[in-house]
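Reader: I would like to know how the labels used for a protein model are decided. Could you take me through some of them?

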Amino acid sequence: MFRIFSGKSRNNSSSGDHDLNGSRQGRSISFDPNLIHDLKGDHKELIQIYQRIWSEGYERQDFRKISELLKAFKSTFQAHLIKENVSFYVYLEQSLGDDQHTLQIVKDFRSDMNDIANAVVQFCKRYSREVFTGKMLMDFKQEYEKIGEALTRRVSLEERELYTLYRYS
(Lines give C-alpha, C1' and ligand atoms only; values in the text may rest on other atoms or scores of the structure.)
Protein backbone atom coordinates (compact mmCIF):
# COMPACT_ATOMS: atom_id res chain seq x y z
CA MET A 1 0.00 0.00 0.00
CA PHE A 2 2.77 2.48 0.84
CA ARG A 3 4.41 1.81 -2.49
CA ILE A 4 1.33 3.14 -4.31
CA PHE A 5 1.52 6.53 -2.61
CA SER A 6 5.23 7.09 -2.32
CA GLY A 7 6.55 5.28 -5.34
CA LYS A 8 8.92 3.42 -3.02
CA SER A 9 8.62 0.31 -0.99
CA ARG A 10 8.56 0.49 2.79
CA ASN A 11 11.92 -1.22 3.02
CA ASN A 12 13.72 1.11 0.63
CA SER A 13 15.36 3.47 3.13
CA SER A 14 18.68 3.65 1.33
CA SER A 15 17.35 6.17 -1.19
CA GLY A 16 19.10 9.05 0.56
CA ASP A 17 15.94 10.45 2.13
CA HIS A 18 16.59 8.80 5.50
CA ASP A 19 19.53 8.64 7.87
CA LEU A 20 20.75 5.43 9.51
CA ASN A 21 18.01 5.65 12.15
CA GLY A 22 15.29 5.91 9.51
CA SER A 23 14.39 9.55 10.17
CA ARG A 24 13.86 12.00 7.34
CA GLN A 25 16.61 14.37 6.30
CA GLY A 26 16.28 17.66 4.50
CA ARG A 27 12.49 17.70 4.63
CA SER A 28 10.80 20.74 6.03
CA ILE A 29 7.76 22.94 5.65
CA SER A 30 8.45 26.12 3.69
CA PHE A 31 7.15 29.53 4.59
CA ASP A 32 3.92 30.34 2.74
CA PRO A 33 3.31 34.11 2.47
CA ASN A 34 -0.42 33.46 1.91
CA LEU A 35 -0.97 31.02 4.77
CA ILE A 36 -2.15 33.47 7.44
CA HIS A 37 -4.49 35.16 4.96
CA ASP A 38 -5.88 31.73 4.01
CA LEU A 39 -6.30 30.66 7.65
CA LYS A 40 -8.12 33.90 8.46
CA GLY A 41 -10.35 33.30 5.42
CA ASP A 42 -11.17 29.87 6.83
CA HIS A 43 -12.12 31.52 10.11
CA LYS A 44 -14.53 33.87 8.33
CA GLU A 45 -16.09 30.98 6.43
CA LEU A 46 -16.45 28.92 9.62
CA ILE A 47 -18.10 31.83 11.44
CA GLN A 48 -20.54 32.33 8.56
CA ILE A 49 -21.51 28.65 8.52
CA TYR A 50 -21.77 28.64 12.31
CA GLN A 51 -24.14 31.64 12.26
CA ARG A 52 -26.23 30.05 9.51
CA ILE A 53 -26.67 26.92 11.66
CA TRP A 54 -28.56 29.15 14.09
CA SER A 55 -30.41 31.49 11.74
CA GLU A 56 -31.34 29.05 8.98
CA GLY A 57 -31.60 25.92 11.08
CA TYR A 58 -32.33 26.34 14.76
CA GLU A 59 -34.51 29.46 14.62
CA ARG A 60 -36.63 27.94 11.85
CA GLN A 61 -36.62 24.50 13.50
CA ASP A 62 -35.31 23.17 10.19
CA PHE A 63 -33.44 20.10 11.38
CA ARG A 64 -32.54 19.02 7.87
CA LYS A 65 -30.82 22.40 7.39
CA ILE A 66 -29.05 22.07 10.75
CA SER A 67 -27.78 18.66 9.68
CA GLU A 68 -26.63 19.94 6.28
CA LEU A 69 -24.86 22.96 7.78
CA LEU A 70 -23.25 20.93 10.56
CA LYS A 71 -21.77 18.60 7.96
CA ALA A 72 -20.43 21.58 6.00
CA PHE A 73 -19.10 23.14 9.22
CA LYS A 74 -17.39 19.90 10.27
CA SER A 75 -15.70 19.33 6.92
CA THR A 76 -14.58 22.98 6.64
CA PHE A 77 -13.34 22.89 10.23
CA GLN A 78 -11.39 19.67 9.68
CA ALA A 79 -9.83 20.99 6.46
CA HIS A 80 -8.77 24.12 8.37
CA LEU A 81 -7.24 21.99 11.13
CA ILE A 82 -5.26 19.93 8.65
CA LYS A 83 -3.93 23.09 6.99
CA GLU A 84 -3.10 24.59 10.37
CA ASN A 85 -1.46 21.43 11.70
CA VAL A 86 0.59 20.62 8.62
CA SER A 87 1.57 24.06 7.38
CA PHE A 88 1.36 26.38 10.37
CA TYR A 89 2.28 24.41 13.49
CA VAL A 90 4.98 22.31 11.85
CA TYR A 91 6.60 25.43 10.40
CA LEU A 92 6.51 27.17 13.78
CA GLU A 93 7.99 24.15 15.53
CA GLN A 94 10.79 24.09 12.95
CA SER A 95 11.52 27.81 13.15
CA LEU A 96 11.23 28.08 16.95
CA GLY A 97 13.43 25.08 17.70
CA ASP A 98 15.91 27.20 19.66
CA ASP A 99 13.28 29.15 21.62
CA GLN A 100 12.00 26.50 24.01
CA HIS A 101 9.71 28.85 25.93
CA THR A 102 7.81 30.08 22.85
CA LEU A 103 7.86 26.57 21.39
CA GLN A 104 6.11 25.26 24.51
CA ILE A 105 3.46 27.97 24.22
CA VAL A 106 2.86 26.96 20.59
CA LYS A 107 2.58 23.30 21.61
CA ASP A 108 0.08 24.26 24.32
CA PHE A 109 -1.98 26.18 21.72
CA ARG A 110 -1.90 23.13 19.47
CA SER A 111 -2.99 20.81 22.27
CA ASP A 112 -5.80 23.17 23.27
CA MET A 113 -6.97 23.29 19.64
CA ASN A 114 -7.08 19.50 19.54
CA ASP A 115 -9.37 19.53 22.60
CA ILE A 116 -11.65 22.10 20.96
CA ALA A 117 -11.60 20.09 17.73
CA ASN A 118 -12.75 16.95 19.52
CA ALA A 119 -15.65 18.85 21.10
CA VAL A 120 -16.65 20.43 17.78
CA VAL A 121 -16.56 17.12 15.90
CA GLN A 122 -18.60 15.38 18.60
CA PHE A 123 -21.13 18.23 18.54
CA CYS A 124 -21.44 18.01 14.76
CA LYS A 125 -21.87 14.24 14.85
CA ARG A 126 -24.41 14.35 17.68
CA TYR A 127 -26.70 16.85 15.98
CA SER A 128 -26.35 15.89 12.32
CA ARG A 129 -29.87 14.42 12.33
CA GLU A 130 -33.04 15.39 10.67
CA VAL A 131 -35.19 14.85 13.77
CA PHE A 132 -34.59 16.27 17.25
CA THR A 133 -36.28 15.34 20.50
CA GLY A 134 -37.28 18.11 22.91
CA LYS A 135 -34.24 17.34 25.07
CA MET A 136 -31.94 17.40 22.06
CA LEU A 137 -33.33 20.81 21.15
CA MET A 138 -32.52 22.22 24.61
CA ASP A 139 -29.11 20.53 24.70
CA PHE A 140 -28.32 21.76 21.20
CA LYS A 141 -28.82 25.39 22.23
CA GLN A 142 -26.52 25.07 25.26
CA GLU A 143 -23.83 23.17 23.37
CA TYR A 144 -24.05 25.50 20.38
CA GLU A 145 -23.41 28.47 22.67
CA LYS A 146 -20.45 26.73 24.37
CA ILE A 147 -18.91 25.81 21.02
CA GLY A 148 -19.42 29.38 19.82
CA GLU A 149 -17.73 30.83 22.90
CA ALA A 150 -14.76 28.47 22.55
CA LEU A 151 -14.37 29.16 18.83
CA THR A 152 -14.73 32.93 19.22
CA ARG A 153 -12.10 32.98 21.95
CA ARG A 154 -9.81 30.71 19.93
CA VAL A 155 -10.10 32.61 16.63
CA SER A 156 -9.43 35.87 18.44
CA LEU A 157 -6.35 34.46 20.19
CA GLU A 158 -4.98 32.89 17.01
CA GLU A 159 -5.41 35.99 14.91
CA ARG A 160 -4.27 38.46 17.57
CA GLU A 161 -1.33 36.54 19.05
CA LEU A 162 -0.46 33.15 17.63
CA TYR A 163 -0.42 34.08 13.95
CA THR A 164 2.05 36.92 14.68
CA LEU A 165 4.70 34.25 15.33
CA TYR A 166 4.50 33.07 11.71
CA ARG A 167 7.40 34.82 9.98
CA TYR A 168 9.89 33.96 7.31
CA SER A 169 13.01 32.50 8.90
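**Labels and their cut-offs**

Author: Glutamine 61 lies in the loop between α2 and α3; helices here are DSSP runs (H or I, at least four residues), numbered from the N terminus. This is a predicted model, in which local features need pLDDT of at least 70 and side-chain atom pairs count only at pLDDT 80 or more, while totals for chains, interfaces and linings use all residues. Residues are numbered from 1 along each chain as its sequence is written, and side-chain values use heavy atoms, with hydrogens and water left out.

Reader: Why does glutamine 61 count as partly exposed?

Author: Buried means under 20% relative accessible area, exposed means over 50%, and partly exposed is in between (1.4 Å probe, protein chains only). Glutamine 61 has 36% relative accessibility, so glutamine 61 is partly exposed. Its phi is positive, about 55°, although glutamine 61 is not a glycine.

Reader: Why is the pair of phenylalanine 88 and tyrosine 89 called edge-to-face?

Author: Rings of Phe, Tyr and Trp (its six-membered ring) pair if their centres lie within 6.5 Å; planes under 30 degrees apart count as stacked, over 60 as edge-to-face and the rest as tilted. The search of the whole structure finds 20 aromatic pairs. For phenylalanine 88 and tyrosine 89 the centres are 5.2 Å apart and the planes stand at 75°, so the pair is edge-to-face.

Reader: What makes phenylalanine 88 buried?

Author: The relative accessible area of phenylalanine 88 is 0%, so phenylalanine 88 is buried. Tyrosine 89, at 1% relative accessibility, also counts as buried.

Methods. Helices (H or I, at least four residues) and strands (E, at least two) are DSSP runs, numbered from the N terminus.
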